[in-house]
Amino acid sequence: MTKRLLHNAQVIDPEAGTITRADIRIENGLITQVSQSPLSANPHEHSVDCHNKYLAPGIIDIGVKVCEPGERHKESFKSAGLAAAAGGITTMVTRPDTTPAIDSPETLEFIARRANQATPVNVIPMAALTKGRNGREMSEIGFLMDAGAIAFTDCDHVVSNPKVFARALSYACALGALVIAHPQEPTLSKGAAATSGKFASLRGLPAVSAMAERMGLDRDIALVEMTGARYHADQITTARALPALERAKANGLDITAGTSIHHLTLNELDVADYRTFFKVKPPLRSEEDRKAVVAAVQSGLIDIISSMHTPQDEESKRLPFEEAASGAVALETLLPAALRLFHAGDLELPQLFRALSYNPAKRLGLAAGRMAAGAPADLLLFDAHAPFVMNRFTLLSKSKNTPFDEAKMQGRVLATYVAGEPVYEASV
Amino acid sequence: MSFTDKHLLGIEPLRPEAITEILDLADKYVALNRGPLKHSDVLAGLTQINMFFENSTRTQASFELAGKRLGADVMNMAMQASSIKKGETLIDTALTLNAMHPDILVVRHPHSGAVDLLAQKVNCTVLNAGDGQHEHPTQALLDGLTIRRAKGRLHRLNIAICGDIAHSRVARSNIILLGKMENRIRLIGPPTLMPAGIAELGCEVYQDMHVGLQDVDVVMMLRLQKERMDGGFIPSEREYYHRYGLDSEKLQYAKDDAIVMHPGPMNRGVEIDGEIADDINRSVIQEQVEMGVAVRMAAMDLLARNLRDAPASGEVTA
């Protein structure tokens with residue numbers, strides 16, 4: 001492995017909450033030295049001038065949908081890996097909501113093998129909590145952990161039977177497994193394509209009250225209290241769910257929460273005249289909700305920002321809004337979209353990378369996400385200010401369903417390193 | 001010329017002057033329709049296709065008659081029976097239609113926004129004949145014309161819209177149109193049938209007919225769909241009729257000269273008492289049907305003029 005010296009970088013340290021000019025030495029895939037005084041290159045050491053740009057721990061993205069097995073025409077490990085590298089994502093934590101669902105050690109081993117052959121970035125799979133994501137019988141949590149599953153989730157399927165969910169939580173708890181759930185009251189949100197309110201009423205769209213999220217979260221918190229499980233809420237997107245989350249954390253439950261980049265940067269009005277690229281699950285919320293969620297990331301109440309990358313082909317989006325598929329691709333737009341919060345003055349860069357890199361690593365027990373000697377050299381070099389106009393056809397993802405098409409954005413990945421090796425370098 | 005749009009997809013994008021222009025022309029077509037020779041040739045040589053993805057007798061007949069009286073070649077396609085059952089998408093349907101070179105497409109679809117989507121993909125002029133729970137613009141225009149002719153004006157009136165507002169595209173288009181024309185709008189119905197956030201549109205919301213109907217000039221009743229009647233949204237048909245059905249007792253709270261409207265088809269004894277519906281001194285329900293033909297003639301006439309004035313349309317994007 002190449003020895004590398006990255007010098008003259010503005011190093012973002014999310015753990016310390018600082019940005020300092022520093023040089024970074026990399027050996028054997030690990031960061032070995034972070035020095036604020038300039039280091040000189042040793043012989044046989046490859047020296048890289050960072051031109052005073054930002055260097056941060058690579059993004060660890062929990063909840064990426066790669067459509068293998070089942071729908072490789074939407075996204076393969078190869079295309080997702082290239083997109084992730086170009087987006088500064090060094091670890092993809094993949095979702096099991098494929099066809100078939102990843103609910104057995106055999107399928108998990110298959111996709112883990114596929115993933116590591118085809119992608120330049122780290123891929124860590126999650127597995128389904130219940131067989132077929134049907135919410136009836138728990139999957140083989142122990143075997144799946146042995147096979148490498150880092151967390152258990154039925155994704156957007158809510159395990160609606162509390163008895164089944166409680167048992168899965170306590171079983172997972174005994175094994176120390178992390179359970180990731182989608183807080184939502186499913187009977188209320190069934191069929192909804194928008195958040196209820198003036199906008200949905202005017203557009204005549206079937207809508208769900210924001211309260212459905214709080215109800216789902218309240219139930220989950222009660223079951224976590226009952227079982228002692230390690231629990232992560234995949235997406236908290238409404239103001240009304242936040243006090244419940246805050247109380248649960250204050251009570252010492254092992255709970256963390258995430259949110260999606262789309263809920264942080266877009267609101268329901270972006271749907272405008274039924275633009276289906278803005279149809280996500282849960283639906284986009286009001287501006288008040290968006291602001292509350294941004295504030296929760298700022299305060300640390302919400303721990304993790306994810307892309308919730310969900311590739312959909314043109315056919316499944318070119319339908320009337322109600323019938324169109326949900327989800328948006330976001331591996332390549334996660335960073336520039338997140339930087340909107342920085343440019344708007346909502347979040348400092350260390351806060352942002354706390355939610356993008358440090359916290360997800362910590363929650364999953366990964367060594368990455370830090371800027372310290374001994375941590376894996378999974379790094380992201382970027383220009384936070386470079387402006388560009390998004391053109392969805394330039395995306396490396398096979399599916400081009402981004403809501404940011406034609407949006408003016410700022411922020412460009414200059415290089416992505418995984419274990420010290422460049423997996424993406426921008427052509428200048 | 002105030003109405004210069006290529007399509008009529010909803011009331012929302014229309015300016016008040018455009019609404020007035022359509023209604024003024026519709027008045028002339030009312031006269032034509034009442035005369036001995038009910039024919040004009042302003043749409044001669046144009047092809048009108050009525051594409052109904054949802055059952056309709058009255059609206060479809062009204063559009064067909066309007067087109068024929070203006071000299072268009074009219075074709076009806078009952079879509080719920082044919083291609084969508086075979087899995088054809090709306091976009092495929094649009095491309096197929098483009099190949100037939102229609103000039104005017106009249107579309108009804110069960111999903112909100114579907115007509116907008118279709119309009120983006122076809123070359124011709126599109127008229128929304130009702131999309132999901134979104135808009136039904138020609139219904140609001142015909143209601144506006146009916147009110148204007150009965151009351152002598154379409155502004156500064158107290159208008160009550162009663163019943164199932166939540167599921168009604170007729171209500172949405174009327175709320176927007178009557179609001180644009182500066183009327184006071186009251187919505188009356190049980191909370192389960194009231195859309196969320198609707199008061200933010202500047203409407204007053206009432207749950208009690210006796211209070212809501214106080215001194216109104218116009219009482220607009222809405223149809224209650226059968227599938228909403230049993231337990232889900234209201235306890236029963238008879239309780240609904242008791243609390244929200246328009247009868248002479250409730251109507252006496254309105255002004256003495258208040259008119260009664262209904263977009264049809266009516267459920268007599270559910271949302272409206274049969275006697276009120278047939279009372280020629282109060283009910284303008286038959287006039288609404290008559291105005292429907294005239295308003296659709298006016299809208300298609302104006303759209304055809306815009307079509308002729310517009311430069312040749314460019315490439316179709318699929």
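Buried means under 20% relative accessible area, exposed over 50% and partly exposed in between, with a 1.4 Å probe and protein chains only. The model is predicted, and local features in it need pLDDT of at least 70. Residues are numbered from 1 along each chain as its sequence is written, and chains are lettered from A.

**View 1. M308(A), a buried residue with a positive phi**. Phi of M308(A) is near 45°, although this residue is not a glycine. M308(A) lies in the loop between β15 (304-306) and α11 (314-317) of chain A, where helices (H or I, at least four residues) and strands (E, at least two) are DSSP runs numbered from the N terminus. M308(A) counts as buried because its relative accessibility is 13%.

**View 2. N28(A), an exposed residue with a positive phi**. The loop that holds N28(A) runs between β2 (18-27) and β3 (30-35) of chain A, and phi of N28(A) is near 50°, again a positive value in a residue other than glycine. N28(A) has 60% relative accessibility and therefore counts as exposed. Most residues other than glycine have a negative phi.

**View 3. The cis peptide bond from T99(A) to P100(A)**. This bond, leading from T99(A) to P100(A), has omega near -5°. P100(A) belongs to the loop between β7 (89-94) and α2 (105-118) of chain A. Most peptide bonds are trans.

**View 4. The cis peptide bond from K281(A) to P282(A)**. Omega is near -5° for the bond that joins K281(A) to P282(A), and P282(A) is placed in the loop between α9 (261-265) and α10 (287-299) of chain A.

Terms used
This is a predicted model: local features need pLDDT of at least 70, side-chain atom pairs count only at pLDDT 80 or more; totals for chains, interfaces and linings use all residues. Side-chain values use heavy atoms; hydrogens and water are left out.
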